[in-house]
Amino acid sequence: MGFTAACMHNGWRPWDGRSGMEFVRTMGLFRKRKKEQEPLCSAVIVAAGNSSRMGLDKVMAEVGGVPVIVRCIEAFQQAPSVAEVVVVTKEELVPEIARLCQEFALDKVAKVIRGGTTRTESARMGTLEADQNLPVIAIHDGARPFVTVQVIEAAVAQAALSGAAAPAVPVKDTIKTANNSVVEETLDRARLYAVQTPQVFDASLIRAALQKALDDGEELTDDCTAVERLGMRVVLTAGDERNIKLTTPMDLVLGESLAEEAAYQ
């Protein structure tokens with residue numbers, strides 16, 4: 001079955017938008033919800049990277065005395081829209097992360113599984129392990145320990161309406177493109193956003209989009225790209241400047257400051 005046929009089989013119909021062929025959900029997800037919201041989202045936390053720029057395993061590093069991966073999970077543990085959490089990590093970390101989930105009483109964690117060789121493969125594996133009855137999947141970077149419940153809830157609510165959403169913050173710096181260190185263009189900062197995670201999608205859409213990216217041999221830097229390349233629009237929601245990604249040792253220093261700030265709130 002081709003991608004278009006698969007989408008239509010799962011309740012998506014073609015829609016001719018400004019960006020070409022798009023798929024609009026026609027059933028289930030857009031029905032009016034009850035006032036008392038039931039959990040509708042499975043959260044997939046991808047924590048299987050090699051941390052090459054950090055020099056140590058960043059998801060197990062402690063900030064404010066708490067492992068990074070635990071801080072990530074705790075936010076989804078507290079989010080009303082999230083029914084379960086699937087953690088995707090390196091094979092050698094599966095037992096330790098499972099132990100931490102027990103130690104910190106993170107009972108929304110349904111599975112801790114081994115990831116793949118690329119981020120896209122790990123994300124795809126996580127979506128396959130998510131509860132098939134939940135209509136929405138949020139994919140979060142395991143190196144973003146300061147995500148808030150507010151950021152999660154806003155993205156999930158928007159994705160439930162539009163099919164794809166991601167938190168973002170406006171870019172502050174002037175951004176230029178260059179070739180061999182020579183500036184080619186200065187981009188309009190008013191139109192630029194730094195996109196964060198969790199990136200949230202209709203479950204059937206993101207599963208199909210990630211699989212197609214893998215089939216096409218695409219190396220993606222985020223999950224929104226998987227659906228964007230199929231013509232699906234992603235709606236940006238309010239991000240948080242504290243929702244940083246821990247990439248370098250300097251980020252851990254900043255993380256300690258953010259953890260201290262949070263402890264006094």
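## Salt bridges

A salt bridge is a side-chain nitrogen of Lys or Arg within 4 Å of a carboxyl oxygen of Asp or Glu. The structure holds twelve of them. This is a predicted model, in which local features need pLDDT of at least 70, side-chain atom pairs count only at pLDDT 80 or more, and totals for chains, interfaces and linings use all residues. Residues are numbered from 1 along each chain as its sequence is written, and side-chain values use heavy atoms, with hydrogens and water left out.

Asp57 pairs with Lys90, with the closest N and O atoms 2.8 Å apart. Helices (H or I, at least four residues) and strands (E, at least two) are DSSP runs, numbered from the N terminus. Lys212, Asp216, Glu218 and Arg229 are linked in a network of salt bridges.

Lys172 and Glu241 form a salt bridge, 3.1 Å from N to O. This pair also links distant parts of the chain: Lys172 is in the loop between β9 (164-170) and β10 (176-179), Glu241 is in the loop between β14 (235-238) and α8, and they are 69 residues apart. Both Lys172 and Glu241 are exposed. Exposed means over 50% relative accessible area, buried under 20%, and partly exposed in between (1.4 Å probe, protein chains only).

Arg242 forms a salt bridge with Glu261, at 4.0 Å between the closest N and O atoms. Arg242 is in the loop between β14 and α8, Glu261 is in helix α8, and the two are 19 residues apart. Glu261 is partly exposed, at 38% relative accessible area. Arg242 is partly exposed too, at 33%.

Asn243 lies in that loop between β14 and α8. Asn243 counts as buried, with 1% relative accessibility. Its side chain makes a polar contact with the side chain of Gln196 at 3.1 Å. A polar contact is a pair of N or O atoms within 3.5 Å; within protein, one must be able to donate a hydrogen and the other to accept it, and residues adjacent in sequence count only if both atoms are side-chain atoms.

## A buried arginine

Arg207 belongs to helix α6 (residues 203-215). Arg207 is buried but has no salt bridge. The nearest side chain of opposite charge is Glu84, 6.8 Å away. Here Lys and Arg count as positive and Asp and Glu as negative; His and the chain ends are not counted. A polar atom of the Arg207 side chain lies 2.9 Å from the backbone oxygen of Thr127.

## The second largest pocket

The second largest pocket has a volume of about 380 Å³. Its lining has 15 residues, and the closest to its centre are Pro145, Phe146, Val147, Thr148 and Ala262. On a 1 Å grid over the protein atoms alone, a pocket is an open set of points where a 1.4 Å probe fits, with protein on both sides within 12 Å along at least five of seven lines; lining residues have an atom within 4 Å of a point. The volume is the space filled by probe spheres set on the points, which are joined across faces, edges and corners.

Helices α2 (68-78), α5 (149-162) and α8 (249-263) each supply at least two lining residues. The largest share, four residues, comes from α2. Ala262 is in helix α8 and is partly exposed, at 39% relative accessibility. The C-alpha atoms of Ala262 and Gly64 are separated by 9.4 Å, although these residues are 198 apart along the chain.
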